[in-house]
Amino acid sequence: MYLIYGGGGAIGGAIARQLAGAGHACHLVGRDRRKLEDVALATNADFTEGDVADDATFDRVAAAVGEAPLSGLVYAVGNIRLKPFHRLTADEIMADFTLHALGAWRAVTAARKGLMAGKGSVLLFSTVAVDQGFSNHASVAMAKGAVVGLTRSLAADLAPLVRVNAIAPSLTTGGMGDAVAGSDKMREAIGKAHPLKRLGEGADMAPLAAALLAPEGWVTGQVIGVDGGRGALRVGD
């Protein structure tokens, strides 16, 4: 079984569909019951409704999943708070850290025994903004930078039984990505900033996610960009 936090979102839902299409069972976790139900219907998955900012969510997920070995855990939860650094508050920064980094730690901690028993894999999510230094991204970049550190530390701590990797996307459509992109004109402009000239989609993450989660893998401690080339290339500058 694969445990997918953010299973009702664009990325988490796409990963659930990819895994279910290969015959794997999934358990979804998320705040939006309607979105969870939509993905669960398409993937024949069970789900737990809950907020990762609430400690009790992880206890309820553990109770729902039981002590069965886990093939993998995906933590595809996050937000994009765009704000000049001098206008950020400590509460906002802590909320983002809790959502992105502390929540990932809590999820892996709660599932550790199942992952060890199943020799499973963990997949976390960072962002291209950690290495690129975009303006107005201070809070999300700090939080996702912590995810990068967590990815590598957990990979060392849980080896050789459990592999831990992360994907670092650029802006992806669906949910919070649509809110950031705004109008069609803005979406087109942001898309053109990428060498592949479009925004990402959840389905762009799913094949690599499935490969990193596969039991026969020999990759751990890596942060891999799925970002339309934005993190590594400068085309036409």
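Predicted model: local features only at pLDDT ≥ 70, side-chain atom pairs only at ≥ 80, totals over all residues.
The structure holds two aromatic pairs. In one of them, the rings of Tyr5 and Phe58 sit with their centres 5.7 Å apart and their planes at 35°. Planes under 30 degrees apart would count as stacked and those over 60 as edge-to-face, so this pair ends up as tilted. It ties together distant parts of the chain: Tyr5 belongs to strand β1 (residues 2-5) and Phe58 to helix α3 (residues 55-65), 53 residues apart. Phe58, like Tyr5, is buried.

Tyr5 also pairs with Tyr75, and here the rings are tilted as well, at 5.8 Å centre to centre with 45° between the planes. Again distant parts of the chain are linked, as Tyr5 in strand β1 and Tyr75 in strand β4 (residues 72-75) are 70 residues apart. Put together, Tyr5, Phe58 and Tyr75 make up one aromatic cluster.

Turning to the helices, α1 (residues 10-21) packs against α2 (residues 33-43), their axes coming within 9 Å and crossing at roughly 15°. Angles under 35 degrees count as roughly parallel, and α1 and α2 are therefore roughly parallel to each other. Their crossing is right-handed. On the α1 side, the contact is made by Gly13, Ala16, Arg17 and Ala20, while α2 brings in Val39, Ala42 and Thr43.

The crossing of α1 with α9 is right-handed. From α1, the residues involved are Ala10, Ile11, Ala14, Ile15, Gln18 and Leu19. They meet a run of α9 residues, namely Gly202, Ala203, Met205, Ala206, Pro207, Ala209, Ala210 and Leu213. The make-up of the α1–α9 contact is twelve nonpolar and two polar residues, with no charged ones.

Technical notes
Residues numbered from 1 in each chain as written. Heavy atoms only, no water. Phe/Tyr/Trp six-rings, centres within 6.5 Å; stacked < 30°, edge-to-face > 60°. Helix = DSSP H or I, 4+ residues; strand = E, 2+ residues; numbered from the N terminus. Buried < 20%, exposed > 50% of the residue type's maximum accessible area, 1.4 Å probe, protein only. Axes fitted to C-alpha atoms, helices over the stretch in contact; angles between N-to-C directions. Parallel < 35°, antiparallel > 145°, perpendicular 65-115°, else oblique. Left-handed = near helix turned anticlockwise from the far one by under 90°. Contact = heavy atoms within 4.5 Å. Nonpolar A, V, L, I, M, F, W, Y, C, P; charged D, E, K, R; others polar.
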